[in-house]
Structures are given as C-alpha cells and as structure tokens.
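Let's read this structure together, one feature at a time. Have the sequence and the 3D view open as we talk.

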Amino acid sequence: MRHIRAVTVLSILALPVMGWAAERLVWQDEFDRPGAPDPASWTFEDGFVRNREIQWYQPQNATVRDGLLVIEGRRESRPNPLYDAQKKGDWRAERKVIEYTSACLHSKRSWLYGRIQVRARLQAEEGLWPAIWFLGVDRAKKGWPACGEIDLLEYYDESILANFCWSAATPEKPYAQQWNTQKTPIAKFIAKSPTWRTDWHVWEMDWTVERIELRIDGETVNVQRLDTVRNPDGTNPFQKPMFLLLNLAMGSTGGSLEKTRLPAKFEIDWVRVWQREP
C-alpha cells in the first residue's frame, strides 16, 4: 500500500486515470500529515446527530497516523451534556449517558460533476455503519432529502449499499423520500476475493450532467440517470454541488454492538477529485 506515496502529483497527472486522460486532479487529501485532519479541508459533527445512532460524534476520534485517516468507534461512559428528563420524546436528550463515541467529517470543499475516488478499508462487523456519502450544499436552505443524498458506501447487515435519495414530499408527508438502492451481500465480493474484508478498496463516483455511476474497485454497483430525478418543486439535487462526508456510525441500522470488536476502525488512505478541463 505505501508504495503509492512515492508517486508525485505531477506523475499522476501525466497518466490516464481509469480512462480519463483529459481529467485534472482538482483536490486531494493524502493524509500524510500526522495529527488532526487538516482543518483547511475538514469540519466535524458534534453530539448525537441522526437516525437514533448510539455514538456521540467528536473530533478527537479522527486522527491521521501512518499516512491514513483513522476514524475510531470507541466504548466510553460519561454523562450526556444534553440530558434533560423533561424532554420526553427527544432521543438526544433522553439518554443519560454517552456509551460510545466516533467521528463524522465534512469536506469544506464541494463539487459539481467529476470523478471522486476514496481508497478505504472498513471493519465489516455487526454494530458498525461506516459510510462515504454526499449531501447537497443547500441542505440548510432546502433541508433533507430535498438537498439530495448519494451514498457511495454504506455497510451494514453483512452488505454493501450504494444509494441515491431525493425528495418525494407531499403536504401530508413533508419528509417522504425517493430511493434508488442497490444492496450487495459481502459474500458476493468474498466469492471473488477471500481476503475482501481485510483488503483496501477504491470507492468511486463518476458524475456527469447525464448520470452518476458508483463503483467499487472498478465494478459498477449502482447507476442513476439524472433526467429521471426531480424534487416536487422541480429541482434536481444532483445537478448542484455536493460535499463529502466520512463517518463511522454505530448501532441503529448497523445492529447490535454486543459482539463488536472495539475500538473499531474505518481507515481512509486518500481522497481524490478529478474534473474535466474547461
């Protein structure tokens, strides 16, 4: 794995990239500087955020070491600063104790079209829910799911998922969603490569004005034609810029953590973004 470090950016640009010789590398993070992730490139989520997941997100669970971004899911026990016994029905405030911690990073950069590649290795075990995904930059204005969501990677239930999501809201159901989901059992990948669970893999999104194709190690796992996507207000969230999220969720859809090896790791070797020359 480490031999790739010897390849300079100039030599990378001089080579065809999976058939895209006319592409230009417009952004990258090789995670070569030890310590905290580069604050010029990443921000963090804090606290209990979504899906009733059991982890408390905090920046200190993401570190760069040995040329890798390592996101750790840990078992911890401390008081929940949001706890309020009077807030019945608020799942974030109902929990007296924080039992697990992890990290979720947001890229400060966003992109419209191009090829985005992430080389990563996940710990594929019950209880864990690692993800490489994207949200629209107008999330604060339009909300979810109208901002659009692309899941380049989700792991849970012994499967790898590749998803697209946008709004199907009605006055009665303002958060209704339209999903294009492909779920591939890990057993299918292991049948081709017995060491798949412990190997490094390249997750790739190929995004044009006409379509988005999601791949693992060059194998297509889902495709979305953009002429079939419309929010109820007529907008297409996949024709607007999106930012990248890297996280290791725990519990919820990921399942029980009773038998999960902790601390758990989600490791990212690099992130690279390529776009066509103007």
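Q: Which residues does E23 touch, not counting those up to four places away in sequence?
A: Contact means heavy atoms within 4.5 Å. By that rule, E23 touches W274, Q275 and R276. E23 itself is found in strand β1 (residues 23–29); strands (E, at least two residues) are DSSP runs, as are helices (H or I, at least four), numbered from the N terminus.

Q: Before we go on, what kind of model is this?
A: This is a predicted model, in which local features need pLDDT of at least 70 and side-chain atom pairs count only at pLDDT 80 or more, while totals for chains, interfaces and linings use all residues. Residues are numbered from 1 along each chain as its sequence is written, and side-chain values use heavy atoms, with hydrogens and water left out.

Q: How should I read the confidence, and where does pLDDT stay under 50?
A: pLDDT is the predictor's confidence in each residue, from 0 to 100. The chain averages 92, and 92% of the residues score at least 70. Over residues 1–21 pLDDT stays under 50, and for this stretch the model has 33 contacts beyond four places in sequence.

Q: Back to E23: is it buried or exposed?
A: Buried means under 20% relative accessible area, exposed over 50%, and partly exposed in between (1.4 Å probe, protein chains only). E23 has a relative accessible area of 7%, so it counts as buried.

Q: Which backbone nitrogens does the side chain of E23 reach?
A: A polar contact is a pair of N or O atoms within 3.5 Å; within protein, one must be able to donate a hydrogen and the other to accept it, and residues adjacent in sequence count only if both atoms are side-chain atoms. The E23 side chain reaches the backbone nitrogen of Q275 at 3.3 Å, and one of its polar atoms lies 2.7 Å from the backbone nitrogen of R276.

Q: What does the side chain of R115 make a polar contact with?
A: Its partner is the side chain of E204, at 2.9 Å. R115 is found in strand β8 (residues 114–122) and is buried, with a relative accessible area of 2%.

Q: Where is D217 found, and what is it in contact with?
A: D217 is found in the loop between β14 (211–216) and β15 (219–225). It is partly exposed, at 44% relative accessible area. Leaving aside neighbours within four places in sequence, D217 is in contact with W196, H201 and V202. Its side chain joins that of H201 through a polar contact of 2.7 Å and reaches the backbone nitrogen of V202 at 2.8 Å.

Q: What is the strand order in the open sheet of 7 strands?
A: Two strands pair if DSSP finds at least two bridges between them. The order here is β2-β7-β16-β9-β10-β11-β12, with antiparallel pairing. β2 (42–44) and β12 (177–185) stand at the edges with a single partner strand each, so one side of each has no neighbour in the sheet. β2 is joined to β7 (residues 104–111) by 3 bridges, and F44 stands opposite L105 in β7.

Q: How many residues does the largest nonpolar core have?
A: In soluble globular proteins, nonpolar side chains tend to be buried together. A nonpolar core is a set of buried Ala, Val, Leu, Ile, Met, Phe, Trp, Tyr and Cys residues joined through side-chain atoms within 4.5 Å. The largest has 52 residues, and those with the most contacts inside it are I71, I132, I160, W203 and I268. Apart from it lies another core, of 12 residues, among them C104, C147, L245 and A249.
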